[in-house]
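Please read them with the coordinates open.

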Amino acid sequence: MKLALCNEVLAHLPLERQCELAAALGYDGLEIAPFTLGDAPHRLAASEIARVRKTVESFGLAVTGLHWLLVAPPGLSVTDPDARIRTRTRDVVAQLIALCAELGGNVLVHGSPKQRGIAPGEDHATALARLRDFLADAARVAEAHGVVYCIEPLGRTETALVNTVAEAAALVREIGRSSLRTMIDTSAAGATETQSVPELIDEWLPTGVIGHVQVNDPNRRAPGQGAMRFAPIFAALQRNGYDRTVAVEPFDYVPDGAGAAAFAAGYLRGIRESLV
């Protein structure tokens, strides 16, 4: 298993400094939030895409994927009643999928709870159908680019659409493309699922529907800065043969972004090495 750092943790720093710090802390890569690359990340010039990839790789890191996809540009939604907004969102996502592949990444995480909400006056079934149609389209584009698109289960305080791995897996199986999977975010899972995270891993990883893992405590701080124990989580990943990237994604940075990244790196690398 490789460790990646979600780069918005260090978004206040230039990309070169983000990479320098992540490499020094022992991360293997960056999982990039597109909004950190500019206000219109789907329209980055080829020269800028090449610069970003070259910069990351010059520090011995890799761009492992993209997440927080729909923050920029503003006004996106996959469930909005206005078909024009949904079409624009699909176009942006198609370009972000291409961006991920061009940067060398292999996975995109679709969280973005505000952009998959249920519009006032509409019902859950209508919004879910729109999300399903969007995901089917995203899966086709992802397949063409050789990457995996993951729908992320999120807590009920964030969105009413797709809160559990089981709900996400049902969409994945209905659409039926290997380029579409779900994932486990340990903070959301710890707050929402009835099973523990190791139990979720044991149940779902062997099915092939899990394409990615993000780690953070249910208190939204870095792994190890709360009550959740991550040694059993990594042990479950190992016994189920997970050999892809685990991405560190805290939201509450204690004492700050760099400090949270450093704490998580030391804590998780120690766990990973103890399992070898």
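1. Ser-112 sits in the loop between β4 (107–110) and α4 (124–145). In this predicted model, the phi of Ser-112 is near 40 degrees, a positive value in a residue other than glycine. Ser-112 has a relative accessible area of 3%, and therefore counts as buried, the cut-off being under 20%.

2. Trp-68 also deserves a look: its phi is near 50 degrees, which is positive although the residue is not glycine. Trp-68 belongs to the loop between β3 and α3. Is Trp-68 buried or partly exposed? With a relative accessible area of 30%, Trp-68 is partly exposed, because that class covers values between 20% and 50%.

3. The loop between β3 (62–66) and α3 (83–103) also holds Pro-73. Which residue is joined to Pro-73 by a cis peptide bond? The partner is Ala-72, and omega for this bond is about 0 degrees.

4. A cis peptide bond also runs from Val-254 to Pro-255, where omega is near 0 degrees. Pro-255 is placed in the loop between β8 (245–248) and α9 (257–274).

5. For checking against the coordinates, the items are as follows. The positive phi values to look up are those of Trp-68 and Ser-112. The cis bonds to look up are Ala-72 to Pro-73 and Val-254 to Pro-255.

Definitions and conventions. Residues numbered from 1 in each chain as written. Predicted model: local features only at pLDDT ≥ 70, side-chain atom pairs only at ≥ 80, totals over all residues. Heavy atoms only, no water. Helix = DSSP H or I, 4+ residues; strand = E, 2+ residues; numbered from the N terminus. Buried < 20%, exposed > 50% of the residue type's maximum accessible area, 1.4 Å probe, protein only.
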